[in-house]
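Here are a few exercises to work through with the model open beside you. Try each task before reading its solution.

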Amino acid sequence: MTSKSPLSGIKVLDLSRVLAGPWCTQMLADLGADVIKVERPIAGDDTRHWGPPFLRDDEGNSTQQASYFASCNRNKRSITIDMAKPEGQALIRQMAAQADVLVENFKVGGLRQYGLDYDSLRNLNPRLIYCSVTGFGQTGPYAERAGYDLMVQAMSGLMSITGHADGEPGGGPLKVGVAVIDVFTGLYAANAVQAALHARNVSGEGQHIDMALLDVAMAIQANQVSSYLATGTAPGRAGNLHPSLAPYQDFPSADGNVLLAIGNDGQFARFCAAVGHPEWSGDERFATNANRVRNRSALLALMMPVMKTRTTAEWVTLFEDKAVPCGPINTIADAFADPQVQARGLRMDLPRWGDNNAIAPDGIRHIASVANPIRMSATPITYRNAPPALGQHTDEVLREMGMDDAQIAALKNADAI
């Protein structure tokens, strides 16, 4: 971490686990905050065990560390504390008194029994920004319910617009291939935390942030929600079609599939000229995007046979210098092999245990990670360490708090850490 990191000097106490909360705190850590991840002794974050797949050590042997955990815990330090123990509760309160931000994703009221709820900690540290991430928020009839990404994808209507239409091959509601509600909730939460930090610069006081997966799921449906609110008609599933653009979808090619993402009339005219059918763009049915959407079936009947005449690579090459958006449908392996992905350095191998030559007790020296997509010229993202081993930094953090060996030993003897 350097003084140029945008959140350098900010201390974050991370009581969250699984994905939404940890995604938020990983973003804050990437931006330079010192994030201390509090985990249960022995077990740790649930996602340490969500496998297979599991990480491999330097000898290529499978370990007990699930790769899931590695997706959202980079740049953090891990300390193990049993908050069911009075000594553990006192330790977390001491840490919260020195923190700028606390992020938690327990059930509503779940931390009150430990004296770790917002009202209790606000009395210790009025400047504390306390972010709660739950399935349904702190209020409303569902507030007490546990919420999970898949459940919220279903409840919010997202699955009703994802997948092929009923009656088509493979038709029916589908979840998105990533826990997208958790990820977006983490991003919204990180935005909220930074806004609260800015507000604290003016007021001198912290505040409580209430983040709910369901709220986020409703918000991110963007134009689909706007369509419903404007018309009163709920949109349905349309596979890879775009409800408001045409042609904007995948097409069978000579050797697989190719994607066209034509977003305006100029792009469509250039497409038609390139494929040898300039008359399509002059046809009144297809001359404007609105007409192409209305006459989508007729347009696709013309395009489908043409798109099968070349391979995906040939189509991409043909359109590359014509400003016609076109690309392959890659696997994740294909994407990492893509020269643009490689040129941007989107794969990173980070040291696990202090430096490149040190080996963690589980034998994992490095962990591969996807780079943070934020690129800032003056205050760049910093990469300090891979996701930590369970409790890797317990003694280090406690010593920074002023504890000596005897005090640390007493906590261990009490099974508090």
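## Exercise 1: The largest pocket

By class, the residues lining the largest pocket are 16 nonpolar, five polar and three charged. (Ala, Val, Leu, Ile, Met, Phe, Trp, Tyr, Cys and Pro count as nonpolar, Asp, Glu, Lys and Arg as charged, and the others, Gly among them, as polar.) This is a predicted model, where local features need pLDDT of at least 70, side-chain atom pairs count only at pLDDT 80 or more, and totals for chains, interfaces and linings use all residues. Residues are numbered from 1 along each chain as its sequence is written, and side-chain values use heavy atoms, with hydrogens and water left out.

**Task.** Find the volume of the largest pocket and the element that gives the largest share of its lining.

**Solution.** 
1. Start with the term: on a 1 Å grid over the protein atoms alone, a pocket is an open set of points where a 1.4 Å probe fits, with protein on both sides within 12 Å along at least five of seven lines, and lining residues have an atom within 4 Å of a point.
2. The volume, the space filled by probe spheres set on the points, is about 920 Å³ for the largest pocket.
3. Of its 24 lining residues, the closest to the centre are Trp23, Ser71, Phe336, Ser369 and Val370.
4. The largest share of the lining, four residues, comes from H1. (Helices, H or I with at least four residues, and strands, E with at least two, are DSSP runs numbered from the N terminus.)

## Exercise 2: Two helices

**Task.** Work out how H1 and H6 are placed relative to each other.

**Solution.** 
1. H1 (20-30) and H6 (180-203) each supply at least two residues of the largest pocket's lining.
2. They pack at an angle of about 45°, with axes 7 Å apart. (Axes are lines fitted to C-alpha atoms over the stretch in contact, and angles run from 0 to 180 degrees between N-to-C directions.)
3. H1 and H6 are therefore oblique: under 35 degrees counts as roughly parallel, over 145 as roughly antiparallel, 65 to 115 as roughly perpendicular, and the rest as oblique.
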